[in-house]
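Dear colleague,

I am handing over the structure we spoke about, and it is placed just below. Please look it over with the notes that follow it, which go through the surface, the pocket and the salt bridges in turn.

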Amino acid sequence: MSKPTYVQEYQAIVDVLNQYNEGGKQAKSSLMKPAFSDQATIFGVDGQTKLTGGPIQGLFDTIDNAFRPSPEAQGVIVYIDIVGTAASARIDTNDISGFCFTDFFNLLKVEGKWTVVSKIYHTHVAP
């Protein structure tokens with residue numbers, strides 16, 4: 001079996017990140033869950049500049065209960081950086097429930113599959 005090329009690894013990560021994007025766009029955590037490790041975490045800063053977050057289940061609960069994306073909502077992969085079996089990525093998303101997000105992802109390739117192990121977000125009000 002041949003070793004995967006950089007292009008194949010990049011595309012595999014794009015596929016994982018697109019699962020996240022589609023789940024946000026449709027407000028369905030079931031679409032994005034396969035992109036994340038069961039042990040994944042999510043962290044950000046609240047309005048008072050305090051660290052907030054924890055297990056990724058918090059994101060899934062928010063997606064299912066509070067997200068209301070506009071029909072024009074889009075998530076764009078800004079960059080992907082791959083180093084062996086580790087990768088980082090950034091996605092910018094517009095107008096989900098009146099907010100825009102800049103999300104930073106850390107991914108690991110475990111048992112031949114790329115998976116998100118952590119997400120750090122920055123939230124700002126949609127224009």
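A salt bridge is a side-chain nitrogen of Lys or Arg within 4 Å of a carboxyl oxygen of Asp or Glu.

Please bear in mind that this is a predicted model, in which local features need pLDDT of at least 70 and side-chain atom pairs count only at pLDDT 80 or more, while totals for chains, interfaces and linings use all residues. Residues are numbered from 1 along each chain as its sequence is written, and side-chain values use heavy atoms, with hydrogens and water left out.

Phe104, for its part, belongs to strand 5 (residues 99-110) and is partly exposed, with a relative accessible area of 31%, where buried means under 20%, exposed over 50%, and partly exposed in between (1.4 Å probe, protein chains only).

The largest pocket holds about 510 Å³ of space. Its lining counts 30 residues, of which Leu59, Ile63, Phe67, Phe101 and Lys119 are the closest to the centre. A pocket is found on a 1 Å grid over the protein atoms alone, as an open set of points where a 1.4 Å probe fits, with protein on both sides within 12 Å along at least five of seven lines, and lining residues have an atom within 4 Å of a point; the points are joined across faces, edges and corners, and the volume is the space filled by probe spheres set on them. Helix 1 provides the largest share of the lining, 6 residues.

Which residues does Glu9 touch, not counting those up to four places away in sequence? They are Pro4, Ile82, Lys109 and Trp114, with contact meaning heavy atoms within 4.5 Å. Glu9 sits in helix 1 and, at 13% relative accessibility, counts as buried.

The model has 3 salt bridges by the rule above. In one of them Lys109 pairs with Glu9, the closest N and O atoms being 2.7 Å apart; because Lys109 lies in strand 5 and Glu9 in helix 1, the pair ties together parts that are 100 residues apart in sequence. Lys109 is partly exposed, at 22% relative accessible area. Asp103 and Lys119 also meet through their side chains in a salt bridge (3.3 Å, N to O), and this pair links distant parts of the chain, with Asp103 in strand 5 and Lys119 in strand 6, 16 residues apart. Both Asp103 and Lys119 are buried. Arg90 forms a salt bridge with Asp92, with 2.9 Å between the closest N and O atoms, and here Arg90 is partly exposed at 26%, as is Asp92 at 23%.

With best regards

Notes:
Helices (H or I, at least four residues) and strands (E, at least two) are DSSP runs, numbered from the N terminus.
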